[in-house]
Amino acid sequence: MSGGVDSSVAALVLKRAGLDVSGAYMKNWINEDNVIGDCPWQQDIEDARAVAEQIGIPFRVVNLMEEYRGRVVAYLLDGYKNGITPNPDVMCNREIKFGVFLAWAREHGFDAVATGHYARRVEHADGSCSIIEGADKNKDQTYFLAMLGQEQARAARFPIGGLPKPELRRIAAEAGLATAAKKDSQGICFIGQVRMQDFLRQYVPDEPGPVVRAGDGRVLGAHRGLHYYTIGQRKGIGIPSNTDFKNYVVVGKRAEDRALLVAFDGPEAPGLFTSEVRVHSLSWVEKPVAGSRWIEGRVRYRDPRVALEFIPDEENGAGEGGGGSATIRFREPQRALAPGQILALYDGERLLGGGVYV
Ligand SMILES: Nc1ncnc2c1ncn2[C@@H]1O[C@H](COP(=O)(O)OP(=O)(O)OP(=O)(O)O)[C@@H](O)[C@H]1O
């Protein structure tokens, strides 16, 4: 229970189904380093506790700060230091919620871990499980579950995945839950409302370099560090456009001279659109896709699924245990695929797994 309305209703649904359920808040991060911004974790704990009391279930706070720092924050900072764009939300689900927290839950006698994710889980006759998109297409969060394995899917429960959000709010209000009218959370789970740039400033030293126009190599200005930028970004480049209706967009990073490559935004911008991309660290909820096949993918959270040809590498295949790599060919070119971000793979509504852009 995060102290939000989704996990509040998730707990309520389970309780009403007659299950033996306990609420837990994972303390992953407190604003201990005085990063600018407000991290309302104390309020969240109070809200989660209040809801647990209303529903009539035990509640506890589980301290996972050390594990979170080691598995998510370190991954995040290393990624940015190495010029890629990590995805801490995806990693938090794999490493923390359905990783160390699931292990903790099992040690304490629990069979499963339920969250307020908008996703559905289907159990097959052979005991295997599929993760299906949430019924509310506007809220679907399966993208963030793309790096879970089959074992994790088996242990997961998503009690609200079949509910449209307005219906969920109505249930919360009718039950008089303390979180019924609480705003939906935004941004990285642990940083709360803090802007990523402010966070990075505290931990990654500035490393200035030139801003270079990709087409003709002209130096347009300077930047404070490549880690503040991601391909596709338009805000914060700091180079005014001298041409009406055209804006600069980041199209790449050049490690040798720490150049930030920019171009006018549009289909012709060099490097902005790609028809083919490589992915590594493949991970499978379902049986790995063996051999080339047309499937679908979601290239980023909230994008629609798109058709793609999945071509696993011969030498390490798509890997039963995960970790393989593949070439992806899109039917239509895709905009701004940032190294380090996640490609979620689907067969229709069914989440197959995911990989990391090279
Ligand atoms: N600190 C936490 N402690 C316990 N569970 C958490 C915590 N943060 C997130 N979760 C779980 O993961 C789910 C998805 O997290 P996310 O941060 O996306 O929240 P959300 O979709 O806004 O849901 P909510 O309304 O419950 O906050 C939550 O519904 C909750 O079950």
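I took helices (H or I, at least four residues) and strands (E, at least two) as DSSP runs, numbered from the N terminus. I kept the residue numbering that starts from 1 along each chain as its sequence is written. The model is predicted, so I noted its thresholds: local features need pLDDT of at least 70, side-chain atom pairs count only at pLDDT 80 or more, and totals for chains, interfaces and linings use all residues.

I found 16 residues around the ligand, and Gly-4, Asp-6, Ser-7, Thr-115 and Gly-116 come nearest. Two elements give two or more residues to this shell, α1 (5–16) and β1 (23–27). Which element gives the most to the shell? I noted α1, with 3 residues. For classes I counted Ala, Val, Leu, Ile, Met, Phe, Trp, Tyr, Cys and Pro as nonpolar, Asp, Glu, Lys and Arg as charged, and the others, Gly among them, as polar. On that basis the shell has 5 nonpolar, 8 polar and 3 charged residues.

**α1 and α6.** I used axes fitted as lines to C-alpha atoms, for helices over the stretch in contact, with angles from 0 to 180 degrees between N-to-C directions. α1 packs against helix α6 (residues 165–174) at about 70 degrees, with the axes 10 Å apart. I therefore logged α1 as roughly perpendicular to α6 (65 to 115 degrees; under 35 is roughly parallel, over 145 roughly antiparallel, the rest oblique). I took contact to mean C-beta atoms, placed from the backbone, within 7 Å. Val-5, Asp-6, Ser-8, Val-9 and Leu-12 of α1 meet Leu-168, Arg-169, Ile-171 and Ala-172 of α6. I classed this contact as 6 nonpolar, 1 polar and 2 charged residues.

**α3 and α4.** The axes of helix α3 (residues 65–81) and helix α4 (residues 88–107) come within 10 Å and cross at roughly 160 degrees. I therefore logged α3 as roughly antiparallel to α4. From α3, Glu-67, Tyr-68, Arg-71, Val-72, Tyr-75 and Leu-76 meet Pro-88, Met-91, Cys-92, Glu-95, Ile-96 and Val-100 of α4. I classed this contact as 9 nonpolar, no polar and 3 charged residues.

**Domains.** I took the bounds from an automatic or database domain assignment. The chain is divided into domain 1 (5–116 + 159–197), domain 2 (205–264) and domain 3 (273–357). I found 6 residues of domain 1 in contact with 5 residues of domain 3. The domain 1 side of that contact has 3 nonpolar, 3 polar and no charged residues.

How values were computed:
Near = placed C-beta within 6 Å. Contact = placed C-beta atoms within 7 Å.
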